[in-house]
Amino acid sequence: MNFYLKYVKYLSRKPLLLALLTLCVIIGGLPILQIRINNSPEDWNPKGSSQLIDKEEFIKHFGNDEMMFLYLTFPDSASDNYRLKLIQTVSNSIRNIYGFEDVFTRNNLSSIRESMGKKYTQKLEDVYFKSLNSNGEILFLKLRQNKDRDKNRPLVLDSLQKITNQIPINVKVDLTGPGVIFNEINRLSTLDSKYLLTTCFVLVLFLLWWRLKKISYLLICSFIVVLALWLAISLYGWLNISVNMITMIVPLLFIINFFSFAIHLVTKHTYDLEKYLHKKMSPIITSALTNIIGFGSLMLSKIRVIYEFGMLTSFGIIVGLFVILSIGTPLIVRYIGINERIEKQDWMNKLLDSYYKRLTPRISLFVVMIMILCIVVGIIIFPTIKIDTNSIGFMKPDNNVRLSEEYIDKNYGSVTTIDFMVEKKGEKEFEKPDWEKLSEVRKQLYTLPFVKNAYGYDLWRPLIVQLKSVDSVKAAQLSTNFLSIDKKHSRLAIAVPSGSVNEMQKMLENAQKEIKNKIAGTDLIIRPVGFLPIYIEQMNTIVNEMLESLFVAVVLILLVMSVFAGDFKIGIITTIISLFPLLGVVILMKCFAIPFDIATSVISSVVIGMIADDALHIIWSFKDKIYLNKENTTNIIFADCVRSIIHPCTATSIMFAIGFFVLAGSNILSIVDFGILSTTVIVFAWMSDFIFFPALLQLAYPTQRKNVQDLK
């Protein structure tokens with residue numbers, strides 16, 4: 001502290017040196033210009049996942065596992081010939097787009113009717129193209145295997161859009177598929193990142209003006225925060241991390257954290273530099289540390305985007321705090337005087353003073369029992385909160401992509417494919433009995449109520465065998481969709497309705513159970529592969545890891561609080577105070593049936609450090625006041641210490657709340673839930689710090705004399 005005191009004193013007298021340091025920060029933040037926006041599905045894959053290995057093996061043998069589904073709804077007056085002719089025209093146009101490897105439609109089957117017979121052709125049509133809506137026609141679009149398909153997908157979709165725009169307006173056009181949905185989520189998150197950050201910054205500036213009422217204070221505070229933001233956000237470029245659905249929240253978190261640090265520094269209470277730094281530095285640094293712990297706990301994740309989110313936020317807080325303390329504090333010391341508003345008595349001070357003075361041990365016990373009851377209820381409810389994710393639920397109900405998926409699901413019965421890889425023990429080639437057994441498996445799967453259709457090589461084998469003698473090239477092309485070139489791997493697939501992760505997982509488990517029973521005693525091995533199994537693993541891994549990160553963060557923050565306070569009792573009290581807001585939100589999630597998903601599961605790790613912010617400033621002020629006051633009891637001392645910090649603490653709480661509430665304007669529903677619930681956590685945290693905290697201290701330290709004895 002002595003070294004920092006000398007540093008601030010010296011630098012506050014050297015404006016040119018301050019300007020030089022500012023220039024260095026600006027130059028150091030130039031990689032901010034290299035920031036890119038990109039959502040890659042590969043970044044969500046769990047590290048070391050066996051399911052990912054299976055997925056890559058499937059792609060190796062059968063090409064890209066990503067399909068798109070184009071559904072056309074014709075008017076009642078459209079004849080079958082008109083429908084087939086339009087389907088053929090659209091198919092030929094799509095085949096000219098390099099991004100698509102194949103287009104499979106009802107029109108493809110018309111060419112085999114003569115050679116294979118009406119009965120066989122009808123069987124294939126029923127499996128693939130039988131729609132619940134008699135006017136509906138579906139086209140299966142297989143994307144070309146491409147290493148950069150995530151980058152090329154928007155271009156492919158744009159080309160596809162140009163083709164569908166040429167379809168007569170009396171034909172309804174709907175498109176869906178995993179890539180379509182992911183591309184839409186990417187578009188929405190990009191749209192969010194363009195205005196949420198600006199909105200948050202502007203709202204926080206209005207808040208600062210309301211609290212500070214001085215242009216000089218506002219400008220200096222804003223300059224410090226912008227400088228810290230510049231260097232912190234440049235970490236995107238330094239670390240080569242792109243902006244995506246998760247990391248787009250990071251700059252907003254920087255804004256509210258850096259403004260929180262700055263507003264505490266701006267609210268000067270004395271011209272004595274040593275007293276000023278003594279009062280401000282420890283709680284600010286400890287507050288930053290708790291945030292770093294909360295964010296840093298996310299780096300335990302095996303999911304790349306979550307790991308990057310934790311790394312960006314934790315390192316960004318360190319970088320931003322360094323800028324604020326190295327440049328911001330000397331600026332404030334040089335240009336800002338005592339902030340008279342922090343001592344001004346207003347309705348908030350008077351209301352809290354009245355509450356604290358009446359806070360007898362009996363009332364304190366009653367207040368604490370209310371808090372404990374909420375915590376107990378939250379702990380009981382916590383395991384019952386649904387853990388689930390639905391990718392379609394990321395989009396709002398009126399979103400066109402969501403409407404298309406729901407429409408196809410309703411009219412066709414399915415828009416999701418579960419692929420299975422079929423092998424033989426000892427890597428042997430398949431024989432005729434194997435195809436007969438696989439036919440039995442496929443038919444058994446088709447009996448499951450949720451299976452729309454089931455198809456595999458056994459279904460196409462009669463046609464392929466006949467084609468070999470006529471057109472061996474075409475037969476080989478058709479065969480590779482279901483049988484690998486080495487003849488040792490086959491593909492079996494079922495189509496199921498779309499749903500949440502839990503619903504999909506249940507369908508997959510039921511299908512696997514039927515398969516296991518049917519192939520018992522044979523040499524066949526059938527395992528789920530492709531997009532859906534890895535998607536289920538991704539979502540479950542993310543949510544489960546978030547809950548583990550919360551436990552790590554709470555334990556570490558308890559230790560930090562205890563060390564900071566120099567009193568393990570206060571450390572425990574502060575941890576309890578910090579848990580109340582989180583468990584209070586758990587109760588709300590249960591009441592409104594909000595599940596833990598990709599966004600809501602990270603709330604705890606993100607806000608746990610922010611929750612502790614006000615408590616840290618209260619503890620520090622409380623420790624100072626208690627040594628100086630030898631006559632009053634705990635509640636009076638608490639009232640006195642809160643009087644000097646209520647304004648900056650309330651301002652930072654409102655700042656946190658504003659920052660998160662801005663997310664309620666997101667185009668992604670999970671981010672909306674995240675914003676609303678995080679805002680609620682901050683509101684509960686303010687109540688916890690200024691209503692429940694003094695009651696707990698009153699019971700733990702009933703007299704001033706005992707306070708002094710225990711805290712020394």
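Buried means under 20% relative accessible area. Keep that cut-off in mind. Also keep in mind that this is a predicted model.

Is Thr600 buried or exposed? Its relative accessible area is 2%. The cut-off for buried is under 20%, so Thr600 is buried. Where does Thr600 sit? It lies in the loop between helix H23, residues 568–591, and helix H24, residues 603–628. So a loop residue can be buried, and Thr600 is one.

What surrounds Thr600? Leave aside its neighbours within four places in sequence. Then Thr600 is in contact with Met589, Ile594, Pro595, Asp673, Phe674 and Leu677. A polar atom of the Thr600 side chain lies 2.8 Å from the backbone nitrogen of Asp597.

Ala593 is exposed, with a relative accessible area of 65%. Now look at its backbone. Most residues other than glycine have a negative phi. Ala593 is not a glycine, yet its phi is positive, about 55°. Asn240 also has a positive phi of about 55°, and it is not a glycine either. You will find Asn240 in the loop between helix H11, residues 235–238, and helix H12, residues 250–266.

Now step back to the whole chain. How many helices and strands does the chain have? It has 28 helices and eight strands. The C-alpha trace spans about 100 × 55 × 50 Å along its principal axes. There are 712 residues, and 60% of them count as buried. Take contacts between residues at least 6 apart in sequence. Of these, 83% join residues at least 24 apart.

Next, a sheet. Strands of a sheet pair through backbone hydrogen bonds, either parallel or antiparallel. In what order do the four strands of the open sheet run? The order is E2-E3-E1-E4, and the pairing is antiparallel. Strand E2, 100–104, and strand E4, 172–176, are the edges, and each pairs on one side only. From one strand to the next, the twist averages 20°.

Zoom in on one pair. Strand E1, residues 67–73, and E4 pair in the antiparallel sense over five bridges. Leu72 stands opposite Val173 in E4. Helix H4, residues 80–95, touches E1, E2 and strand E3, 136–143. The direction of H4 makes about 15° with that of E3. Helix H7, residues 118–129, touches E2 and E3. The direction of H7 makes about 80° with that of E3.

Strand E5, residues 416–424, and E8 pair in the antiparallel sense over six bridges. Val422 stands opposite Ile526 in E8. Why is strand E8, residues 524–529, described as largely enclosed by the rest of the structure? Because five of its six residues are buried.

Last, two helices together. Two packed helices are described by the angle and the distance between their axes. Helix H18 is residues 432–446, and helix H21 is residues 501–519. Their axes come within 10 Å and cross at roughly 145°. The crossing is right-handed. H18 brings Lys437, Glu440, Val441, Gln444 and Leu445 to the contact. H21 brings Ala511, Glu514, Ile515, Lys518 and Ile519. By class, the contact has five nonpolar, one polar and four charged residues.

Conventions
Residues numbered from 1 in each chain as written. Predicted model: local features only at pLDDT ≥ 70, side-chain atom pairs only at ≥ 80, totals over all residues. Heavy atoms only, no water. Axes fitted to C-alpha atoms, helices over the stretch in contact; angles between N-to-C directions. Helix = DSSP H or I, 4+ residues; strand = E, 2+ residues; numbered from the N terminus. Left-handed = near helix turned anticlockwise from the far one by under 90°. Contact = heavy atoms within 4.5 Å. Nonpolar A, V, L, I, M, F, W, Y, C, P; charged D, E, K, R; others polar. Pairing = 2+ DSSP bridges. Buried < 20%, exposed > 50% of the residue type's maximum accessible area, 1.4 Å probe, protein only. Polar contact = N/O pair within 3.5 Å; in protein donor to acceptor, adjacent residues only side chain to side chain.
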